[in-house]
Amino acid sequence: MDIIEIIEHKRDGLALTDEEIHYFIKNYVSGEVKEYQASALLMAIYLRGMNDHETATLTDEMRKSGDVFDLSDIPGLLVDKHSTGGVGDKVSLILGPMVASCGARLAKMSGRGLGHTGGTLDKLESIPGMRVILSEEEFKKQVTNVGMAIIGQNERLDPADKKLYALRDVTATIGSIPLIASSIMSKKLASGADCILLDVKYGSGAFMKTLEDAERLALTMVNIGRKLGKNVKAEVTDMDQPLGMAVGNNLEIKEVIDILKGRGSEDLRNLCLDSGSVMLVQAKLYEDEEEARKALIKNLDNGKAFEKFVEFVKAQGGDTNYILHPEKFEVAKHIIPIYSSKAGYVNRIDALIIGVSSMHLGGGREKLDDVIDMSAGIVLNKKVGDEVKEGELLATLYTNKENTEEIEAKVVTAFDISVHKVIKKKENLLIQ
Ligand code: URA
């Protein structure tokens, strides 16, 4: 067997055998298969696709390419959650303390932001002192004692994905269902939780642009997890407008605090309640989602979810003064209001434009080694369905950069204002 033959098979639309997939992953990780050969195979997979069996085999080979965490000595069923990435998506930081305050144990590995999508690790690092790299022992101890830990990916975990993801990023092969499914599921399966909830985003700010593609991706990942004996469920949720009000690192942490204190925007609170209810049932802590939801609402109202967040930040070395007094967070030098030039109703807020603009204001990185400005970003004042008067505030930009006129003009174009009343009613789907 050789790599050229494998590339030819996929190029010609054949299904790869288990042996061919094993050969590719093993020899790519060891460096035997070159980057240009892997690029060709990735493009062939992107164009020709993979059937369910090939995708499951690819996932399993990637999972086995490095360490697999053994968390079996932590009592109870461990839960994990993963979003396919979006704009303003700070759900894990809210959901973790919510479910942990109800007795669940969240063992989560998160990533950094790239391009227009934010990363949970960057948001966490906007809290001074916060450590996102823990040893396996520290991670286990914190999950056991605090009920949650969120850390960066261990260097030795899923090295196949680390290499493949970096290559896909520069070869226009990210947006492929088998490649995304294997990338996400191999990491989730290697990191050891028993129950996994996936949040598959669709819309302008997501990798999947249509509901149909998001459903296909969700179903592919649920089937892979099930084949490998895990309790996996997937929500398919809309990313046609940013999630919540804030986009940008410390701005999002302030919004996390707001939601955990029982305030904040309805869309974000509801998604956290929906996801949390599913997770508490997956972890067998509640029989049905209705009961689980009541428990989550109770802990938002009585402050227990917020207390759990403070405990988590403290355990990972973060300065809890910032959580107790969010006005301590650094505020950007320039605060720029964006006003509406017309009256009507917000029909759409292009999440991609908001995400890219936030990145250009300093809140994200275009290249992996860019340094993020933790105080930069955008806070929305209006969401889809809201009425707007002429001259009313649509959003506020936060930046330390000068000469941002072009970005300001771009943010205005993200808002589609209609003269007709807009009813925002999109149900999230649960695939199980
Ligand atoms: N997130 C991942 O971890 N991998 C992908 O391919 C896409 C989103």
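Tutor: The model is a predicted one. We may begin with a residue in a loop.

Student: Why is Gln-316 counted as buried?

Tutor: Gln-316 has 0% relative accessibility. Buried means under 20% relative accessible area, and therefore Gln-316 counts as buried.

Student: Where does Gln-316 lie, and which residues does Gln-316 touch, not counting residues up to four places away in sequence?

Tutor: Gln-316 lies in the loop between helix H14 (304–315) and helix H15 (320–324). Leaving aside residues up to four places away in sequence, Gln-316 touches Gly-129, Met-130, Arg-131, Val-132, Leu-134, Gln-142, Ala-149, Ile-150 and Ile-151.

Student: Let us turn to a pair of helices. At what angle do the axes of H1 and H3 cross?

Tutor: Helix H1 (residues 3–11) and helix H3 (residues 35–48) have axes that cross at roughly 20 degrees and come within 8 Å. Angles under 35 degrees count as roughly parallel, so H1 is roughly parallel to H3.

Student: Which residues make the contact?

Tutor: On H1 they are Ile-3, Ile-4, Ile-6, Ile-7, Lys-10 and Arg-11, and on H3 they are Gln-37, Ala-40, Leu-41, Ala-44, Ile-45 and Arg-48.

Student: How do the residues of the contact of H1 with H3 divide into nonpolar, polar and charged?

Tutor: There are 8 nonpolar, 1 polar and 3 charged residues in the contact of H1 with H3. The crossing of these two helices, H1 and H3, is left-handed.

Student: Into which domains is the chain divided?

Tutor: The division gives domain 1 (3–49), domain 2 (78–159 + 167–324) and domain 3 (331–418). Taken over C-alpha atoms, the centres of domain 1 and domain 3 are 42 Å apart.

Note on methods: Residues are numbered from 1 along each chain as its sequence is written. This is a predicted model: local features need pLDDT of at least 70, side-chain atom pairs count only at pLDDT 80 or more; totals for chains, interfaces and linings use all residues. Side-chain values use heavy atoms; hydrogens and water are left out. Axes are lines fitted to C-alpha atoms, for helices over the stretch in contact, and angles run from 0 to 180 degrees between N-to-C directions. Helices (H or I, at least four residues) and strands (E, at least two) are DSSP runs, numbered from the N terminus. Angles under 35 degrees count as roughly parallel, over 145 as roughly antiparallel, 65 to 115 as roughly perpendicular and the rest as oblique. A crossing is left-handed if the near helix is turned anticlockwise from the far one by less than a right angle, and right-handed if clockwise. Contact means heavy atoms within 4.5 Å. Ala, Val, Leu, Ile, Met, Phe, Trp, Tyr, Cys and Pro count as nonpolar, Asp, Glu, Lys and Arg as charged, and the others, Gly among them, as polar. Domain bounds come from an automatic or database domain assignment. Buried means under 20% relative accessible area, exposed over 50%, partly exposed in between (1.4 Å probe, protein chains only).
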